[in-house]
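Here is a briefing on one protein model. Look over the fold before reading the points below.

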Amino acid sequence: MQKISFKMEETIPVIDLVKISDQVECNKLREACEKWGCFRIINHSIPVTLMAEMKVVIGALLDLPMEIKKRNKDVIAGSGYMAPSAVNPLYEALGLYDLGSSQAVQDFCSQLDATPHQRQIMEAYGHAIYDLAVNIGEKMAQSLGIVGADFKEWPCQFRINKYNFTPEAVGSSGVQLHTDSGFLTILQDDENVGGLEVMDSSGSFVAVPPLSGSLLANLGDIARVWSNGRFCNVKHRVQCKEATTRLSIATFMLAPRNRNVEAPSEVVDHDHPRLYHPFVYEDYRKLRVSNKMHAGEALELVRLT
């Protein structure tokens with residue numbers, strides 16, 4: 001078995017959205033996407049009070065009886081309730097496909113008998129986090145000199161996660177090493193409970209400690225294809241560090257709706273030929289699942305030779 005080292009001294013970049021129009025901060029964003037495939041976001045548009053209220057709501061929803069949580073059905077595979085499994089026995093999640101749709105949010109709330117107040121918080125948070133994902137996507141495009149990129153029609157999947165860490169689980173894995181299949185993930189991690197680790201370019205793990213009031217952005221496989229190999233699809237995992245409950249909220253911007261995933265012309269030229277075949281996201285996601293390739297290996301199956 002390959003030995004993987006662990007680094008405590010490195011920290012992932014922090015991007016200040018208030019300064020993002022400045023060229024220096026824009027360059028910093030591009031470098032974070034290229035080297036790390038992840039970055040912390042500060043001074044974003046989501047109120048801290050809304051983030052706190054949303055955490056209370058997801059805690060209540062994830063504490064519902066199993067028979068109610070099971071009403072949360074898949075729209076696409078993996079978009080509904082995920083019960084603890086043999087692979088991830090400490091983890092469960094509720095999911096919502098197409099966060100940008102108010103009807104989808106209401107349907108999700110109805111499945112779980114959410115109260116009017118919970119619905120209100122879900123609607124407000126969903127709208128705010130969707131707008132933020134679109135904004136960050138546009139800034140990532142600008143950092144590569146891509147003009148006119150429009151992410152408003154890219155669907156976003158939403159997942160609320162609970163890790164039931166026990167004393168016996170300390171030191172074990174909460175979620176296995178993987179990359180995200182989509183373009184961009186925005187994570188509201190638990191401000192009190194750490195455990196997230198990302199892999200750097202040398203194959204070493206770097207801890208991502210919580211930072212209250214901030215959000216974390218991870219780039220997935222689609223970001224690597226869309227950037228023509230410029231951006232890193234970060235490998236990451238969650239480790240159990242202490243016996244407690246850990247809650248997180250993930251928003252996944254997936255890929256273009258009803259269009260192929262392919263690199264824009266601005267990042268393709270004679271010196272940087274196109275690296276990947278155009279493909280539909282859902283076909284790629286199924287390719288990952290059917291081949292049990294969860295850490296970006298499936299990209300080799302769509303690579304141009």
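Contact here means heavy atoms within 4.5 Å. By that criterion glutamate 92 touches Leu62, Lys69, Tyr81, Met82, Ala83, Pro84, Ile160, Asn161, Lys162 and Asn164, leaving aside residues up to four places away in sequence. The model is predicted: local features need pLDDT of at least 70, side-chain atom pairs count only at pLDDT 80 or more, and totals for chains, interfaces and linings use all residues. Residues are numbered from 1 along each chain as its sequence is written, and side-chain values use heavy atoms, with hydrogens and water left out.

**Glutamate 92**

- Glutamate 92 lies in strand 4. Helices (H or I, at least four residues) and strands (E, at least two) are DSSP runs, numbered from the N terminus.
- Is glutamate 92 buried or exposed? Glutamate 92 is buried, at a relative accessible area of 6%. Buried means under 20% relative accessible area, exposed means over 50%, and partly exposed falls in between (1.4 Å probe, protein chains only).
- The side chain of glutamate 92 makes a polar contact of 2.5 Å with the side chain of tyrosine 81. A polar contact is a pair of N or O atoms within 3.5 Å; within protein, one must be able to donate a hydrogen and the other to accept it, and residues adjacent in sequence count only if both atoms are side-chain atoms.
- A polar contact of 3.0 Å joins the side chains of glutamate 92 and lysine 69.

- Seven strands build an open sheet with mixed pairing, in the order 2-3-10-7-12-5-4. Two strands pair if DSSP finds at least two bridges between them.
- Strand 2 (14-16) and strand 4 (91-97) are the edge strands, each pairing on one side only.
- From one strand to the next, the twist averages 25 degrees.
- Strand 5 (residues 156-164) and strand 12 (residues 245-253) run antiparallel, joined by nine bridges.
- Phenylalanine 158 has threonine 251 of strand 12 as its bridge partner.
- Helix 2 (residues 48-62) packs on the sheet and touches strand 4, strand 5, strand 7 (184-188), strand 10 and strand 12. The direction of helix 2 makes about 110 degrees with that of strand 12. Axes are lines fitted to C-alpha atoms, for helices over the stretch in contact, and angles run from 0 to 180 degrees between N-to-C directions.

**Helix 1**

- Helix 1 (residues 23-35) lies across strand 2, strand 3 (38-42) and strand 10 (215-219), at about 145 degrees to strand 2.
- Helix 1 has 13 residues and reaches 18 Å from first C-alpha to last, close to the 18 Å expected at 1.5 Å a residue. The expected span is 1.5 Å times one less than the number of residues.
- Which residues of helix 1 are buried? They are Glu25, Cys26, Leu29, Arg30, Ala32 and Cys33. These residues are on the same side of helix 1, because they cover an arc of only 160 degrees around the axis. The arc is that of the directions from the helix axis to the C-beta atoms.
- Strand 2, strand 3, helix 5 (116-143) and strand 10 are among the elements that cover these buried residues.
- Exposed Gln23, Val24 and Lys35 sit on the face turned away from the buried side of helix 1.
- Aspartate 22 caps the N-terminal end of helix 1, with a side-chain oxygen 2.9 Å from the backbone nitrogen of valine 24.
- After helix 1 comes glycine 37, with a positive phi near 75 degrees.

- Helix 5 has 28 residues and reaches 41 Å from first C-alpha to last, close to the 40 Å expected at 1.5 Å a residue.
- Glycine 145 follows helix 5, and its phi is positive, near 75 degrees.
- Asparagine 43 is in the loop between strand 3 and helix 2. Its phi is near 55 degrees, a positive value in a residue other than glycine. Asparagine 43 is partly exposed, at 45% relative accessible area.
- Aspartate 113 lies in the loop between helix 4 (102-111) and helix 5. Its phi is near 55 degrees, positive in a residue other than glycine. Aspartate 113 counts as partly exposed, at 48% relative accessibility.

**Strand 8 and its partners**

- Strand 8 (residues 196-199) is covered on both faces: Leu196 and Val198 on one side, and Glu197 and Met199 on the other, are all buried.
- Three bridges join strand 8 to strand 11 (residues 236-239), and the two run antiparallel. Valine 198 has histidine 236 of strand 11 as its bridge partner.
- Strand 8 also pairs with strand 9 (residues 205-207) in the antiparallel sense, over three bridges. Methionine 199 stands opposite phenylalanine 205 in strand 9.
- The hairpin of strand 8 and strand 9 has five residues between the strands, and glycine 203 takes a positive phi near 90 degrees there.
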